[in-house]
Amino acid sequence: MSVADDAPVAVVTGASSGIGAACAMALAEAGFQVVLGARRLDRLAEVAERCGGRALRLDVTDQACVDAFAAAVPSCSVLVNNAGGALGTDPVAAASVDDWRWMYDVNVLGTLRMTRALLPALIASGDGQVITIGSIAAREPYRGGAGYNVAKHGVAALTRVLRIELLGQPVRVCEIDPGMVQTEFSLVRFRGDADAADAVYAGVEPLTAQDVAETVAFVATRPSRVNFDQIVMLARDQSSAQVVHRRPEVAAR
Ligand code: NAP
């Protein structure tokens, strides 16, 4: 895919898989020069090759790494804060502080570090956008979700405060909160247990990473007067965090 050298730049964090990789493709198709960040450079390079973007190593939990990444991206019109995830489904009574710390660091502080680092470039672009991938977990507490609920509620609070604080600046702020999306998310959450990850989606037709990416690209290409503040998107089979319609014919696929 070839994109004009003077096209606006979009940065996508966590672009080595799932929603981030799909966002990189969708934004390149929408005419952006895409800069992709994640820790697994081999996977990132493959996605960058497919979308004609640049792959740069990024660990959003490491301030020095975030600074080096931002220094390599002098101009930026869109930042997609997508890097994140969940670890475990322990009840509060048995919660792992280490898991909670990881979730808070990558989801909340990662979004903070990236937004802070790229905000000067976003403002300087004259028409910047911060698009943050939250979750239905930012809206509804659910059994076994506490650590992730806390982190994504934190992401939502950060994003909504940013929207208020940037009023009057040429930067739009959007929070997109998906429900179930079939990616590597559950494999990470269940620490590589593929059966446990597959059980999450059994009998359900979840959203695809591309469904979310198309929404990101839609938001990113609206006229600059238009700000989508918050979007919740769920599969038809999911009406809230843990209310899911499972169908035998889908399980049999
Ligand atoms: P995924 O396939 O596991 O992708 C997660 C991405 O985050 C990977 O590219 C991973 O890349 C990156 N990442 C993790 N830690 C990172 C770090 N420290 N620094 C930089 N990148 C990091 O899962 P996904 O579903 O696409 O998740 C994307 C976002 O959507 C997350 O914020 C997640 O919470 C949110 N979300 C997912 C769902 C769902 O059901 N799938 C629903 C709602 C919201 P590396 O490992 O290569 O660094």
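For the lining residues described below, Ala, Val, Leu, Ile, Met, Phe, Trp, Tyr, Cys and Pro count as nonpolar, Asp, Glu, Lys and Arg as charged, and the others, Gly among them, as polar. The structure is a predicted model, in which local features need pLDDT of at least 70 and side-chain atom pairs count only at pLDDT 80 or more, while totals for chains, interfaces and linings use all residues. Residues are numbered from 1 along each chain as its sequence is written, and side-chain values use heavy atoms, with hydrogens and water left out.

Grid points are joined across faces, edges and corners, and a volume is the space filled by probe spheres set on the points. Helices (H or I, at least four residues) are DSSP runs, numbered from the N terminus.

The search of the whole structure finds 2 cavities of 30 Å³ or more. The largest cavity has a volume of about 80 Å³. It is lined by 14 residues, of which Leu-87, Gly-88, Asp-90, Trp-100 and Met-103 are the closest to its centre. At least two residues of this lining come from each of helix 4 (97-124) and helix 5 (146-165). By class, the lining of the largest cavity holds 6 nonpolar, 6 polar and 2 charged residues.

The second largest cavity contains about 40 Å³ of space. Its lining consists of Thr-13, Val-60, Asn-81, Asn-82, Ala-83, Val-106, Gly-110, Thr-111 and Met-114. Helix 4 gives the most to this lining, with 4 residues. The division here is 4 nonpolar, 5 polar and no charged.

The largest pocket has a volume of about 1100 Å³. Its lining comprises 48 residues, and Gly-84, Gly-85, Ala-86, Tyr-148 and Phe-185 lie nearest its centre. Two or more lining residues are given by each of helix 1, helix 4, helix 5, helix 6 (185-189) and helix 7 (194-201). Helix 6 supplies the largest share, 4 residues. The lining of the largest pocket divides into 22 nonpolar, 18 polar and 8 charged residues.

Helix packing was described by axes, which are lines fitted to C-alpha atoms over the stretch in contact, with angles running from 0 to 180 degrees between N-to-C directions. Angles under 35 degrees count as roughly parallel, over 145 as roughly antiparallel, 65 to 115 as roughly perpendicular and the rest as oblique. A crossing is left-handed if the near helix is turned anticlockwise from the far one by less than a right angle, and right-handed if clockwise. Contact means heavy atoms within 4.5 Å.

The axes of helix 4 and helix 5 come within 7 Å and cross at roughly 15°, and helix 4 is therefore roughly parallel to helix 5. Their crossing is right-handed. Among the contact residues are Trp-100, Met-103 and Thr-111 of helix 4 and Tyr-148, Lys-152 and Leu-162 of helix 5. The contact of helix 4 with helix 5 comprises 13 nonpolar, 5 polar and 1 charged residues.

Helix 1 (residues 18-29) and helix 8 (residues 209-220) have axes that come within 8 Å and cross at roughly 45°, so helix 1 is oblique to helix 8. This crossing is right-handed. Contact residues include Gly-18, Ala-22 and Leu-27 of helix 1 and Gln-210, Val-212 and Ala-220 of helix 8. The residues of this contact are 11 nonpolar, 2 polar and no charged.

The axes of helix 1 and helix 2 (residues 41-51) come within 9 Å and cross at roughly 20°, so helix 1 is roughly parallel to helix 2. The crossing of helix 1 with helix 2 is right-handed. Ala-21, Ala-24, Met-25 and Ala-28 of helix 1 meet Val-47, Arg-50 and Cys-51 of helix 2. This contact divides into 6 nonpolar, no polar and 1 charged residues.

Conventions
On a 1 Å grid over the protein atoms alone, a cavity is a set of points where a 1.4 Å probe fits but cannot get out, and a pocket is an open set with protein on both sides within 12 Å along at least five of seven lines; lining residues have an atom within 4 Å of a point.
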